[in-house]
Amino acid sequence: MFYRDGTNQRALRSRVAGRMAPFASLPSMASVLTPQAQDFPRWYQDVVAKAELAENGPVRGTQIIRPWGTAIWERMQAEVDARIKIAGAQNVNLPLFIPESYLNREAEHVEGFSPELAVVTHAGGKQLDEPVVVRPTSETLFGESMSKWIQSYRDLPMLLNQWCNVVRWEMRTRLFLRSSEFLWQEGHTAHATQTDAAAYARQILRDVYREFMVDVLAMPIVAGLKTPGERFPGAIDTMTCEGMMADGKALQMGTSHELGQNFAKAFDIQFLDATGQRENVWTTSWGASTRMVGGLIMCHGDDNGLRLPPRLAPTQVVVLAIKEEAADKAHEIAGNLRAAGVRVGVDDRTDVAFGRRAVAWELKGVPVRVEIGPRDLAAGNAMLVRRIAGTKEQISLESIEKAVAEALVADQQALYDAALAHRESSTTEVSTLEEASEAAQTGWARVPWDAIGVAGEATLAQTAVTVRCLVRADGSVPDSITESDLVAYVGRSY
């Protein structure tokens, strides 16, 4: 609803104004969103709709991601993709359809995904000789391809990633969090040794996912090892990044898996080592999806809508012209900010009530608004409105660039600090299974894994409480579930 350059903007205002219709009859924030404290799930749905992030698609469980939601996802994608490339992986694109026989070659994989599979039996007006599956994930496709591409140890490690859509026929769906079709990246790698594979899976968890989530999403993340019951089907180890939402529940934000040699044996992925011996490779897979958008909403959002971290926000600053007379100055201010490296937009739709426009940008979570009208222009001032700090401050036109730069840095940190304080205050140190179950009703519990074990994990599951991950006492990721003195994070989850 804004344009990044200064050309033909006024001529387009009337067309753009029509898109603001949902806000035309909204006199105050109180009438826009259900308060979090009153009904958190309803609040979440309200934010997704009113901030124009996404809506339900025509087929049950599918979603249409609208421009603002897509812009947020594109920023996530760019940041994660850059880190993946630094880790040495290359992007590829594999088919959407998988022969059913491929999945049958990996029994554990089929067992894990068969309830969620979408299967195509007819195409081109005829029944297919072999049904094809719409990919739920692509281990089997990568396995088949790697078996052809890898010949010797000189081809290893092979580090691949793809950005794509996948389909898992979920029974209970919620936009961004759990949909039948969603967008994600999935990395797949092959290594000469288990040690190399394990190290790379942990590198992705640490340097790609955790770093992005902490530094860009401003989300304090607990990175740990999944229990055997929570592992990805076919994996020998699964590691996870867990975030706490505003209601105290956990959200799995990204996972990295050691697959051992399961897929290598199923798809005959072998290589000749330096001595001429034929060996099976060791593989990994790892992924993060549009579920991160849902996590962003539920971690940082408030009763006024989204609050976007400045490092992530597609538009970090929007300059609002209150009246027509201030439009040219608004574009000038935006040009100066853009030249300083700020992602900025202009809202000069002065034929739309200013209050409605302010509400719209508040809902969308743009970190900073610079508001300017004829009186401000005459006085040489503008109003700086900070979404995260919740403040308004009159500043001189000459100080805008400096003030904006300082606000973006401070508010990125403030958002992280607030989320960390919430997580710490909502996490309870306990020593027994019973205490962990009680604490998990309102937040997370940290409890010795020895006090839970596999039997206790099953008991917790009866009340929809799960072991989110295992960490060492110092918070680091264990190398193995067999290590002593591990700590379990326990809570309810999405």
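Mentor: Start with Arg307, which is buried because its relative accessible area is 17%. Buried means under 20% relative accessible area, exposed means over 50%, and partly exposed lies in between (1.4 Å probe, protein chains only). Accessible areas come from the Shrake-Rupley method with a 1.4 Å probe, and for residues only the protein chains shown count as cover. The partner of Arg307 is Asp302, in a salt bridge with closest N and O atoms 3.9 Å apart. A salt bridge here is a side-chain nitrogen of Lys or Arg within 4 Å of a carboxyl oxygen of Asp or Glu. Asp302 has 22% relative accessibility, so Asp302 counts as partly exposed. Salt bridges can also share partners: Arg202, Glu258, Arg472, Asp479 and Glu483 are joined that way into one network.

Some ground rules for reading on. This is a predicted model, where local features need pLDDT of at least 70 and side-chain atom pairs count only at pLDDT 80 or more, while totals for chains, interfaces and linings use all residues. Residues are numbered from 1 along each chain as its sequence is written, and side-chain values use heavy atoms, with hydrogens and water left out.

Back to the charges. The whole structure holds 27 salt bridges. Two of them sit inside helices. Helices (H or I, at least four residues) and strands (E, at least two) are DSSP runs, numbered from the N terminus.

Take helix α2 (residues 40-50). Arg42 and Asp46 lie four residues apart there, so about one helical turn separates them. Their side chains meet in a salt bridge of 3.6 Å, N to O. Arg42 is partly exposed, at 43% relative accessible area. Asp46 is buried, at 10%.

Now helix α3 (residues 67-86). Asp81 and Lys85 are four residues apart in it, again about one helical turn. Their salt bridge brings the closest N and O atoms to 2.3 Å. Asp81 is buried, with a relative accessible area of 14%. Lys85 is partly exposed, with 44%.

Why does that spacing work? An α-helix has 3.6 residues a turn, so residues three or four places apart point the same way.

Helix α15 (residues 453-461) gives another view of a helix. Gly453, Gly456, Glu457 and Leu460 are buried in it. Seen down the axis, these buried residues fall within an arc of 105° (taken from the directions from the helix axis to the C-beta atoms), so they line one face of α15. They pack against α14 (433-439), β22 (466-471) and β23 (487-491), where contact means heavy atoms within 4.5 Å. Val454 and Ala455, on the other side of α15, are exposed.

Follow the chain into the loop between α15 and β22, and you reach Ala464. Ala464 is not a glycine, yet its phi is positive, at about 60°. Its relative accessibility is 55%, so Ala464 counts as exposed.

Asp268 also has a positive phi, near 55°, and is a residue other than glycine. Find Asp268 in the loop between α8 (262-266) and β12 (270-272). Asp268 is partly exposed, with 47% relative accessible area.

One more backbone feature. The peptide bond from Leu156 to Pro157 is cis, with omega near -5°. Pro157 belongs to the loop between α6 (139-149) and β7.

Next, the cysteines. A search of the whole structure finds zero disulfides, a disulfide being a pair of cysteine sulfur atoms within 2.5 Å. Cys241 is in none, and its nearest cysteine sulfur, in Cys469, lies 9.0 Å away. For Cys469, the closest cysteine sulfur is that of Cys241, and 9.0 Å is too far for a bond. Cys241 is buried, with a relative accessible area of 0%. Cys469 counts as buried too, at 0%.

Val59, Trp169 and Met171 make a nonpolar surface patch of about 300 Å². Patches are made of residues with over 30% relative accessible area and no salt bridge; like charges are joined within 9 Å, and nonpolar side chains (Val, Leu, Ile, Met, Phe, Trp, Tyr) within 5 Å. Met171 sits in the loop between β7 (158-167) and β8 (181-191). Its relative accessibility is 61%, so Met171 counts as exposed.
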